[in-house]
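I opened my notebook to jot down what I looked up in this structure.

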Amino acid sequence: MKLIYSFMLILCGFALTNAQQTYSVEGTVRDFHDKTMLENAVVKIGDFSAKTDKNGKFSFSKIPAGNYILIAKHPDCNDYTENVGITQDLHLAITLEHHIQDIETVTIHGSHKNNGSMVVKTIDKSTISRNITENLGNLLTNISGVNTLKTGNNISKPIIHGLYGSRVAILNDGVKLAEQEWGVEHAPNVDINNFEHIDVVKGASALKYGSGAVGGVVVLQPQVLPKKDTIMGAVALSGISNGRGAGLNVKLAKTWEDGWAVKTNGSFKKLGDLDAPSYGLMNTGLQSSGFNFGVQKMTFNKGFSFDYYLTKSSVGILRSSHVGNSEDLYLALTSPEPIYQRDFSYSIDNPRQDIEHHIAKVSAYQRFENFGKITATYSFQYNHRQEYDIRRGEELSKKPALDLELITNDLNIDHIIERGKWNLESGINVGYQNNYSNTDTEARRLVPNYDRYYAGIYSVFKYKITPDLDMEVGGRYDFDHYEVTKWYDLSDWNKLYAADYSDFEVRVNQNRILTKPSLSYHNVSANAGVVYRPFQNFDLKFNYARVSRSPNVAELFSDGLHHSAAIIERGDMRIKSETGNQFNVVADFRANVLKGLNISLNPYFFYTKNFINEVPSGYQNTQWGGAFVVYKYEQIDAKMYGVDLDVQLKITDNLAYKGSAAYVYGQDLTHDVPLIMMMPPNFNNSLEFSKKEWKNFYFNVSNNTYLKQTRFPIYNIPIRLFDSNGNAYNQEVDISTPPHGYSLWNFQTGVGLSKNFGVDFSVRNLFNKSYRDYLNRLRFFADDMGRNFILTLKYQF
């Protein structure tokens, strides 16, 4: 018995000795992709805990031997978990996967690590949610320096620092929109309700999106879906008084913890004839719909996604903008009211445009520990545009007068590698585009059939010189090639091109000649910038960009009546690439005034050679039925400069002020006249009271003031009229002088009625003011839209 007791005591002694044996554990925590050491990461081994120092190091001095669960946490990272057995002293090298501050190759949102010297402004989720019935162009006017070129209220194109059309790139979930963007009345084919935030890059500094984005880039980003097992969705139903319309938006997503997700969105909107304060606007209705479907598997190291977007719209064009002869044109341009009016109707008659746009995108990425991240994206786009005009004969009016189909295949491969003090982002882009102009229209084709081949390569290097000084340099090369099939009037060809382009001639058919132009363009762009923080509450950015843009197909080859724009356009095959120099400075200042003051000032300057300008050059009675102003494309030397100002002041915890102002100066240096269609000086102010404790209640009052544009060129046209005796005479019509300035008041309020249910209510143009906007092309024929009440009911789950 004593032997047994002795044996048990020996075993207990061994166990006690082993239990008391301890070891030291130390190591480092660093970021997966830029290799920087992470400070303030929490490392837990069982019940023991330690924090990393500024060098990313942690240590435990006495950990008893045994098996433990190790957990490492950092605010910007996913948790790291590992089973560890401690039987000796250990050194651990832990790598965490950054998410919140990760630089994505298609995203430049302000919450990410480094926008560099780019000038970026953001429209957030809250602003989009409050304005779900707006189109993209109208929504972007919430940003200083951004305005819209309008054809009525339902068609608007963003203008950034006086530049629009092909000079502004729009990215739908990483895909650069390929549509007939050259048209002054071709609105972007996007549904804002598919996106959670919208970034606007002012200027040409975002080289990754192509050399053509001289004015800037609009980046539309969808919601980042969470990695958890859940179903989420939202339904919004809107009633709209002006146009007596309604809108419906539905979102649904299913997500899983392993990174799989499926989502779908749908929208529908219908409006009838809009109203100006004093009269109805005949044939200004709208019917639009959108659909989005996506499936994805996303982890930190790798992932893929498939997305499909569809937008369809039918948009009425003010009836009074299309007239049958020179007398009616003179009357329409000089009448204080539209010459055609009717009782309210939901009917969308001619003139109108029907547009259908499809995007299918496949994207995949892979991260490598020492090589960075590679992303590949292939997209297919199909754009079908039909424009219907007032034409002689019922059967002819049923046919579109313009019928264009544009197919685009695009491949992007991007690579980014990051280290503690620098990162390098590079990429290549190749694509093929085919445009088919249908001959069944029985009208002259405005733009010809063509094939376009393009390719580009870019690289941007960013380096942190000191903690308060960053620099970046970048370069890009682009190649564009057009293969065009176009008929010219033989007399026009002989007068304009025969001497220099005889090798393009194919055959002559009576008074027409078939040509096959083959044109190539080589563009080199570059940018350099610095970001300097002289003290804690002040940031200073400077960016220089050397820009170059190929002419688009309309600038080169347009030749005829642009039906829904109600103008005749003339291109010029001799047009060369635009080249210019652009400077942007941004000063951001923060001060402890009341609850916080932020001021941002952005002066800029742009000088360009061979600037492509479209200006009126007369009018013409046409065989297609009607009299129309003729616009021609020409190249000039030009300069633009201006300034954007943003002010935000938090007065109390519940009361905040936001203000902005913008001014742009544009000059045609070749003819020594102001540039046409420059945004007038404007001021925007809003005051908002909000209180989360009152079920997220908010009340906002805002004012938008636009001064009269006093700098404009004179392009008045003489119209040939006849007196009562049948004698012809010329009457000059003023199409140059801008309208008077105006000031509009708006208010908006909203509250959450329950956990999942809320309501928003707004009134636009509160005092029903009559006005005409200089940048609305229908200002020649009618006032802008009057007061508008909008009520939106929202349900989220």
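**Charges over rings.** Before looking, I noted the rule: a charge sits over a ring if NZ of Lys or CZ of Arg is within 6 Å of the ring centre and within 35 degrees of the ring normal. I also wrote down that this is a predicted model. Then I looked up Arg711, and its charged end sits over the ring of Tyr665, 3.8 Å from the ring's centre. I found another case at Arg244, whose charged end lies over the ring of Phe344, 4.0 Å from the centre.

**Aromatic pairs.** How many aromatic pairs does a search of the whole structure find? I got 31. I picked out Tyr488 and Trp493, whose ring centres are 5.2 Å apart with the planes at 45 degrees, so I put the pair down as tilted. My reasoning was that planes under 30 degrees apart count as stacked and over 60 as edge-to-face, with the rest tilted. Buried or exposed, I asked about Tyr488 and Trp493? Both are buried. Ring pairs also link these two with Tyr497, Tyr501 and Phe504 into a cluster.

Next I went to strand 23, residues 372-388, where 13 of the 17 residues are buried, so I wrote "mostly covered". I followed the chain from strand 22 into strand 23 and found a hairpin through three residues. Across this pairing, Arg352 stands opposite Tyr388. I then checked strand 24 (residues 402-418), which is joined to strand 23 by 15 bridges, again antiparallel. Here His384 has Glu405 of strand 24 as its bridge partner.

**Asp478.** Where does Asp478 lie? I found it in strand 27, residues 469-489. Its relative accessibility is 8%, so Asp478 counts as buried; the cut-off I used is under 20%. The side chain of Asp478 makes a polar contact with the side chain of Arg476, at 2.7 Å. Leaving aside neighbours within four places in sequence, I listed the residues in contact with Asp478: Ser211, Ala455, Gly456, Tyr521, His522 and Asn523.

**Strands 27, 30 and 31.** I stayed with strand 27 and found 15 bridges joining it to strand 30 (residues 518-535), the two running antiparallel. The bridge partner of Leu469 in strand 30 is Tyr532. Strand 30 also pairs with strand 31 (residues 538-549), through eight bridges and antiparallel. Val530 stands opposite Phe542 of strand 31. Between strand 30 and strand 31 I noted a hairpin through two residues.

Last, I looked up a sheet of four strands, which is open and has the order 3-2-5-6 with antiparallel pairing. Which are the edge strands? They are strand 3 (48-51) and strand 6 (80-86), since each pairs on one side only. On average, neighbouring strands of this sheet are turned by 20 degrees against each other, direction ignored. I zoomed in on strand 5 (residues 66-73), which seven bridges join to strand 6, antiparallel. In that pairing, Ala72 stands opposite Tyr80.

Methods. Residues numbered from 1 in each chain as written. Predicted model: local features only at pLDDT ≥ 70, side-chain atom pairs only at ≥ 80, totals over all residues. Heavy atoms only, no water. Buried < 20%, exposed > 50% of the residue type's maximum accessible area, 1.4 Å probe, protein only. Pairing = 2+ DSSP bridges. Phe/Tyr/Trp six-rings, centres within 6.5 Å; stacked < 30°, edge-to-face > 60°. Polar contact = N/O pair within 3.5 Å; in protein donor to acceptor, adjacent residues only side chain to side chain. Contact = heavy atoms within 4.5 Å. Axes fitted to C-alpha atoms, helices over the stretch in contact; angles between N-to-C directions.
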